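Reader: Could you walk me through this fold, please?

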Amino acid sequence: MRRLVDAYVRLNFTHVELPAVYAMESENLRPADRHRLRVEQRRHVDTWVAVLAELGPGRPAGILRFRVHAAFNLVADLARSAGPSVTVERAAALAHRVLVPANDGLGGPRRGLPARVRRP
């Protein structure tokens with residue numbers, strides 16, 4: 001999961017404009033193409049959900065899907081913000097925490113955010 005998150009964050013921070021262009025241009029597709037795109041988007045989310053499900057069998061798929069969408073949006077928003085405290089490492093740590101909360105029993109620190117996410 002960590003490698004998947006790290007790659008996703010690096011992609012978003014390297015190509016900050018892609019999510020906005022992707023969202024805007026998808027509306028210009030023909031209906032059949034837009035439908036195929038949405039199917040592929042669902043498959044992409046399902047891939048992440050499957051990885052999370054392997055980490056914690058028995059977790060409701062709806063909760064895992066919510067976490068994936070939340071992490072995707074968090075990363076895109078952080079990549080666009082480009083503030084001095086926003087780094088790839090911090091964004092990855094936050095996304096991982098959204099996907100695998102400490103109180104979920106799937107690993108990670110039990111209290112608070114990891115040290116690299118705390119304010120300096």
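This is a predicted model: local features need pLDDT of at least 70, side-chain atom pairs count only at pLDDT 80 or more; totals for chains, interfaces and linings use all residues.

Author: Residues are numbered from 1 along each chain as its sequence is written, and side-chain values use heavy atoms, with hydrogens and water left out.

Reader: How many helices and strands are there in the protein?

Author: The protein has five helices and zero strands, where helices (H or I, at least four residues) and strands (E, at least two) are DSSP runs numbered from the N terminus.

Reader: And what share of the residues is buried?

Author: Of the 120 residues, 29% are buried, meaning under 20% relative accessible area with a 1.4 Å probe, counting protein chains only.

Reader: Switching topic, at what angle do helix 1 and helix 5 pack?

Author: Helix 1 (residues 2-14) and helix 5 (residues 88-99) pack at about 130°, their axes lying 9 Å apart; axes are lines fitted to C-alpha atoms over the stretch in contact, and angles run from 0 to 180 degrees between N-to-C directions.

Reader: Which residues make the contact?

Author: Helix 1 contributes Arg-2, Val-5, Asp-6, Val-9, Arg-10 and Phe-13, while helix 5 brings Val-88, Ala-91, Ala-92, Ala-95, His-96 and Leu-99, contact meaning heavy atoms within 4.5 Å.

Terms used
Buried means under 20% relative accessible area, exposed over 50%, partly exposed in between (1.4 Å probe, protein chains only).
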